[in-house]
Amino acid sequence: MQEIDWKNLSFGYMKTDYNVRLYYRDGKWGEIEICSEETIPMHMAATCLHYGQEAFEGLKAYRCPDGKVRVFRMDENAKRLQGTCRGILMPELPVEKFEEMVTKVVRLNERFIPPYESGATLYIRPLLVGTSAQVGVHPSKEYLFLIFVTPVGPYFKGGFSTNPYVIVREYDRSAPLGTGVYKVGGNYAASLKANDIAHQKGYACEFYLDAKEKKYMDECGAANFFGIKNNTYVTPKSTSILPSITNKSLMQLAEDYGMKVERRQIPEEELATFEEAGACGTAAVISPISYIDDLDTGQRYTFSKDGKPGPMSTKLYNHLRNIQYGIEEDKHGWTTVVIE
Ligand code: PLP
Ligand code: COI
């Protein structure tokens, strides 16, 4: 096996030993299969290819200092996938099957779980695709659910360090009554151009405003938004953003600290009042924001004057990481030990 440079991993794909697969045929899920093939045979008229009948998830496994391997809130990912299935008419996968397959694929690829000291993690990517041939716009009758894993480093540059973001007004990632609340590929296709523009201009990521009024903060292409002020954790309430499990966890931690937690519309101008702001998600963890530019209005909202993450973002980040790594008490029962 090639030596893996654990400390310098990017957020990218690396071949591992196995993936796990499950087929839905004749109205029922089959038996879990272990596979070492990286490709999937597919009918050219499959609904996932033409009509975007596709969903994915993202979660992580952590090699902890006590030697165990933990997975974070996999039941939540399973339930969110079920919500996505209801949203785009795919059969729901039972939570237990999802958990069984996550556990299996992590164990099968144990040698790819990065060491604790490296700061890298094993990213787990479940994928559900409609596979039967349809030319009319209808849901598929057959589906393939699979999970692969790949060791990853930080999603945004520098890991836990501040980055600049930009509001893009010319693009929407999802419609107010569209698929933004589901984790479907189409939302990410819709974000590619704006993301490319943001990168070209030197920003870590693009932020979307609500598509209807272009007034309120939605989220960025791959993470939710939160702001901190007056001992309050504020995060957008919107019908077009993904319900982030990281954000849900941070809201709980903030509440545990006795902070006020507000899930509500955030007008763009309110950004000027936040003491700290961040992007949060499985891949992003917490990615503190140095400033957000609105190129159309010329406004710059600055959250970090010295270029360092703020105290509350730092506290939340350390606490969340310590729970994920089994270092601090997991009083809400968020982690599952998958390898003892
Ligand atoms: N928003 C979008 C668009 C995402 O792709 C993700 C990543 O999954 C998130 C938010 C964060 O969600 P979670 O914390 O469940 O990973
Ligand atoms: C995640 O945070 O898990 C994501 O899915 C973000 C991105 C890689 C799509």
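The model is predicted, so local features need pLDDT of at least 70 and side-chain atom pairs count only at pLDDT 80 or more, while totals for chains, interfaces and linings use all residues. Residues are numbered from 1 along each chain, chains are lettered from A and ligands numbered from 1 in written order, and side-chain values use heavy atoms, without hydrogens and water.

An automatic or database assignment divides the chain into domain 1 (6-152) and domain 2 (163-323). Their centres, taken over C-alpha atoms, are 26 Å apart. To the contact (heavy atoms within 4.5 Å), domain 1 gives 21 residues and domain 2 gives 17 residues.

Now to ligand 2. Each domain supplies at least three residues to its shell. The residues around ligand 2 (a heavy atom within 4 Å) include Phe11, Phe56, Arg125, Tyr155 and Thr282. By class, seven are nonpolar, two polar and two charged; Tyr and Ala count as nonpolar, Lys and Arg as charged, and Gly as polar.

| Residue atom | Ligand 2 atom | Distance |
|---|---|---|
| Tyr123, polar side-chain atom | oxygen | 2.8 Å |
| Lys183, polar side-chain atom | oxygen | 2.8 Å |
| Ala283, backbone N or O atom | oxygen | 2.8 Å |

On its own, ligand 2 has 280 Å² of accessible area (Shrake-Rupley method, 1.4 Å probe), and the protein covers 90% of that.

Note on methods: Polar contact = N/O pair within 3.5 Å; in protein donor to acceptor, adjacent residues only side chain to side chain.
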